[in-house]
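Try each task before reading its solution.

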Amino acid sequence: MATRLSFLLAFALALAGCAATTAPRTYDLSAAAPALHARGTLAVDLTAEPPLDGDLIVVRTADGLERLGGAHWAEILPRLAQSRVTESLQNAGWRVAEAAAVRLRVSVRRFEVDSVRREAVVELAVQINSGQARVFSAREGVGEITGAEPAQALDRAFSRVLGDLARWTVSNV
């Protein structure tokens, strides 16, 4: 009986350990809603190089790049970021379509949490057709490099970059 009780106790503890393991938390990004009145049609092409081409939330440490444990983006970052760039431009008054004379080429240069500086860093390089180009960046402080805080700081920095990108686009197209 004691052996069976020990087995049941061990089995219950094992199940409790499995129940404590949770699926990674999923995070989304927000679009900017700048108070602009753009008119016209744009196309948007967004690219990102590894490791920013997946759904991992990237953390830069003193030893290199790592992923934020227990967290990921709602979809791969290039697709998610392109959706939010498009939505932000539409919020500014642009019509976004595949076949447009004006094409924005957006490259994600940095989209990471710097654990040494304790900040979220977003950097996008943008070019209009083959003319004007600019790099947009923003940084947001991060207290903890765990939980929701890193993704939320990246979202805030990205929203600021999107607002700046939308204003610049209105001025340069």
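Two strands count as paired if DSSP finds at least two bridges between them. Keep in mind that the model is predicted.

**Exercise 1. Pairing around β4**

Find how β1 and β3 each run relative to β4.

Solution. 
- Step 1: Start with β1 (25-27). It runs parallel to β4, and 3 bridges join the two strands.
- Step 2: Pick one bridge. Y27 has W73 in β4 as its partner.
- Step 3: Turn to β3. It pairs with β4 in the antiparallel sense, over 5 bridges.
- Step 4: β3 and β4 make a hairpin with 2 residues between them. T61 stands opposite G64 in β4.

**Exercise 2. Helix α2**

Determine which residues of α2 are buried and what they pack against.

Solution. 
- Step 1: Check the length. α2 has 15 residues and reaches 21 Å from first C-alpha to last, close to the 21 Å expected.
- Step 2: Apply the cut-off: buried means under 20% relative accessible area. L77, P78, L80, A81, R84, V85, T86, S88 and L89 are buried.
- Step 3: Recall the helix rule. There are 3.6 residues a turn, so residues three or four places apart point the same way.
- Step 4: List the partners. The buried residues pack against β1, β2, β4, β5, β6 and α3.
- Step 5: Look past the helix. G93 follows α2, with a positive phi near 110°.

**Exercise 3. The nonpolar core**

Identify which members of the largest nonpolar core touch the most others.

Solution. 
- Step 1: The core has 48 residues; W73, L89, F111, L124 and F158 touch the most other members.
- Step 2: α3 supplies the largest share, 10 residues.
- Step 3: Zoom in on L124. Its contacts beyond four places in sequence include V106, F136, F158 and L165.

Notes: Residues are numbered from 1 along each chain as its sequence is written. This is a predicted model: local features need pLDDT of at least 70, side-chain atom pairs count only at pLDDT 80 or more; totals for chains, interfaces and linings use all residues. Side-chain values use heavy atoms; hydrogens and water are left out. A nonpolar core is a set of buried Ala, Val, Leu, Ile, Met, Phe, Trp, Tyr and Cys residues joined through side-chain atoms within 4.5 Å. Buried means under 20% relative accessible area, exposed over 50%, partly exposed in between (1.4 Å probe, protein chains only). Helices (H or I, at least four residues) and strands (E, at least two) are DSSP runs, numbered from the N terminus. Contact means heavy atoms within 4.5 Å. The expected span of a helix is 1.5 Å times one less than its number of residues.
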